[in-house]
Amino acid sequence: MYGWAIGDSSTIISTQNGGESWFKQKSPDISRKMRKIQFVNRDTGYIIGESGLILKSINGGMNWQKIDSIYSYNYSDLSFIDENTGWLCGSKEEPTTRTGVILNTKTGGIRWSKQIEIIANSFNGVSPILFTAVDFLNDSLGWALGSDWQDNLSPTHTYFTSDSGNQWDIIGSYESSPFGYLEIISRDTLWACGFVFATSVNGGKSWIIPGYDNFCLWPADITPIDGIRGWAIHNNILSQEKEHKVVYTADGGLLWQDELDLSTTR
């Protein structure tokens, strides 16, 4: 019954009746773009965004407070497993360097520590990795996605940790598309999307793109129920109609059916 969403111009909206009606919540920050929102229960939620933006609410979003941090990365994703323990990933692009980072807090955002930081420039020969997604199954097992995002054929690397992020290792890659969104369904089953929709059934070691005959193109977000059923925002920007639809799959992405056409709305 309770849900939240964010949008342009620092807009935060909330529903208390399963989406039948929505009301706007007040945001304390209107200068930095918000990227993701997550509530771990009815009261406690977090918002992250660009230039180090971290917001926290402890009363269902009625009030939001800025969390001061020594870091100023452009955060792209977050994953909290309870009110206090969570992870952020993001990146920073400067004139001569590109940096990807994963941060962790165990204090509800009061203190953050770097778990992995990759800094690349034109002199050290290191491939730039911009972390775009992070998701934890429990307090130990977590995954993250990183890519150089040079173009729509850039490879995506799957990072995995089994010790709460103290050590992150690359366990697999997909060589021809960057992924920006990640959902962990089980220890073995993962969904991801970016320029394409992809699934893994071996914990991210390898990825497949199902459904070539009925393709979910440029999915903007994904919400699985399990490894078989789920929804996606289909965002085919190449079609003449500029298709924007909510689509549903009942077979792990082999076939998709339209549920809501958003092509004529903003």
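Which residue in β6 is the bridge partner of Gly45?

## Strand pairing

In this predicted model, the bridge partner of Gly45 is Ser57, which lies in β6. That contact belongs to the pairing of strand β5, covering residues 45–49, with strand β6, covering residues 54–57, and the two run in the antiparallel sense over 4 bridges.

The pair is part of an open sheet of 4 strands, arranged in the order β4-β5-β6-β7 with antiparallel pairing. The edges of this sheet are taken by β4 (34–39) and β7 (65–66), and because each has a single partner strand, one side of each is left without a neighbour in the sheet. Strands of a sheet pair through backbone hydrogen bonds, in either a parallel or an antiparallel arrangement.

## Cysteines

A disulfide is a covalent bond joining the sulfur atoms of two cysteines. The count of disulfides in the model is 0. For Cys89, the closest cysteine sulfur is that of Cys193, and since the two sulfurs are 14 Å apart, they are too far from each other for a bond, the cut-off being 2.5 Å.

Cys89 counts as buried, with a relative accessibility of 0%, and Cys193 is likewise buried, at 0% relative accessibility.

## Salt bridges

A search of the whole structure finds 5 salt bridges, and three of them are described here, beginning with the one between Glu93 and Arg98. The closest N and O atoms of Glu93 and Arg98 are 3.3 Å apart. With 52% relative accessibility, Glu93 counts as exposed, whereas Arg98, with a relative accessible area of 16%, is buried.

Asp226 forms a salt bridge with Arg229, and in this pair the closest N and O atoms are 2.9 Å apart. Asp226 is partly exposed, with a relative accessible area of 23%, and Arg229 is also partly exposed, with a relative accessible area of 35%.

## A link between two strands

A further salt bridge joins Asp258 to Lys245, with the closest N and O atoms 2.9 Å apart. This pair links distant parts of the chain, for Asp258 belongs to strand β22 (residues 257–261) and Lys245 to strand β21 (residues 243–249), the two residues being 13 residues apart.

How values were computed
Residues are numbered from 1 along each chain as its sequence is written. This is a predicted model: local features need pLDDT of at least 70, side-chain atom pairs count only at pLDDT 80 or more; totals for chains, interfaces and linings use all residues. Side-chain values use heavy atoms; hydrogens and water are left out. Two strands pair if DSSP finds at least two bridges between them. Buried means under 20% relative accessible area, exposed over 50%, partly exposed in between (1.4 Å probe, protein chains only). A salt bridge is a side-chain nitrogen of Lys or Arg within 4 Å of a carboxyl oxygen of Asp or Glu.
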